[in-house]
Amino acid sequence: MLAYTYVERGRFELLQKPKPVLQDARDAIVRVTLASICSSDLHIKHGSVPRAVPGITVGHEMVGVVEQVGSAVATVKPGDRVTVNVETFCGECFFCRRGWVNNCTDPNGGWALGCRIDGGQAEYVRVPFADQGLDKIPDTVSDRQALFVGDILATGYWAAQIAEIGPEDTVLILGAGPTGLCTLACVLLRAPRRVIVCDLDDSRLAFVRAHWPGVLTARPDHLREFVLAHSDHGGADAVLEVAGGQDTFRLAWQCARPNAVVTVVALYDAPQVLPLPEMYGKNLIFKTGGVDGCHCADTLALIRQGKLDTTPLITHTYPLRDIATAYDLFEHRRDGVIKVAVTME
Ligand SMILES: [Zn+2]
Ligand SMILES: [Zn+2]
């Protein structure tokens with residue numbers, strides 16, 4: 001089968017590999033029907049994910065059809081259409097039992113697919129702990145509707161969930177990239193009074209206004225003044241930092257009102273400064289990533305009910321054989337790309 005492979009730092013190649021086989025009674029083999037490219041794939045390509053193993057198939061955001069299951073798999077069977085969770089988790093350890101699946105203590109737990117083990121930019125993928133890692137897609141939900149459920153939508157859903165958003169709130173989201181937009185869609189489910197989205201990229205702000213007309217948009221320069229003018233208590237009641245830029249952590253806490261919850265979803269390239277003397281008396285509450293991706297059944301239900309729709313984020317579609325071109329477009333943000341879907345034809 002064809003598999004897009006991390007050959008070495010700076011180099012991915014589409015290679016022929018053997019089809020994966022079951023290695024454990026809790027594994028499933030999934031025939032991938034639609035995959036996508038995530039910025040974390042680019043981090044692997046650029047060598048900034050030290051635990052990524054050269055030779056592995058990349059890709060951790062995909063949907064497919066169960067082809068085969070191990071003897072201990074109970075929740076899915078061959079023929080089921082499924083989303084694949086970016087996180088591998090056992091479902092049984094101290095952290096998993098509390099829903100903190102990102103901290104699963106199993107040696108194979110965490111972000112394994114497309115990083116430490118073969119992922120899904122390929123025709124088939126082996127999914128460990130299939131009872132936890134796969135969720136059935138309702139019949140009326142398409143692959144394109146379900147594509148982001150296991151990764152960026154899981155992140156946005158989790159972030160909106162922990163941000164403690166109330167109906168009177170002004171919510172500030174920093175970053176209108178794919179994860180920022182999924183976060184926006186999930187924040188809107190909570191119907192706060194106002195939502196402000198900030199990004200450096202005017203085309204992304206225009207995208208927000210086109211798809212979510214009730215949302216306010218702002219650039220980072222003078223953001224604090226903008227937030228003060230569009231909030232009721234001297235700043236945003238909840239801030240979700242999904243940008244991970246050089247200055248965005250500082251912006252996040254500066255734009256928050258006293259006693260606000262600041263949720264940090266972003267992954268930074270460099271350490272960030274927490275200037276406690278400057279923020280003394282603001283009594284902020286910080287919550288930090290990464291995602292506990294165990295609510296996929298909930299997001300699939302919301303998609304089925306028509307309450308959540310991330311299909312506008314799929315701006316481009318390429319077949320697997322042209323995935324290098326798709327990466328190039330995504331990496332260089334050409335042609336207004338938000339997300340690329342990869343088909344297996
Ligand atoms: Zn990702
Ligand atoms: Zn666990």
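1. Buried residues, meaning those with 20 or more other C-beta atoms within 10 Å of their own C-beta atom as placed from the backbone, make up 49% of the 345 residues in the chain. The model is a predicted one, in which local features need pLDDT of at least 70 and side-chain atom pairs count only at pLDDT 80 or more, while totals for chains, interfaces and linings use all residues. Residues are numbered from 1 along each chain as its sequence is written.

2. If neighbours within four places in sequence are set aside, Val30 is in contact (C-beta atoms, placed from the backbone, within 7 Å) with Gly64, Val65, Val66, Glu67, Val82, Val84, Tyr124, Val125 and Val127.

3. In helix α11 (residues 296-304), the buried residues are Cys296, Thr299, Leu300 and Ile303. These residues lie on the same side of α11, because they cover an arc of only 100° around the axis, taken from the directions from the helix axis to the C-beta atoms. Among the elements that cover them are α4 (143-146) and α5. Just after α11, Gly306 takes a positive phi of about 80°.

Key: Chains are lettered from A and ligands numbered from 1 in the order in which they are written. Two residues are in contact if their C-beta atoms, placed from the backbone, lie within 7 Å. A residue is buried if 20 or more other C-beta atoms lie within 10 Å of its own, exposed if 12 or fewer, and partly exposed in between; C-beta atoms are placed from the backbone. Helices (H or I, at least four residues) and strands (E, at least two) are DSSP runs, numbered from the N terminus.
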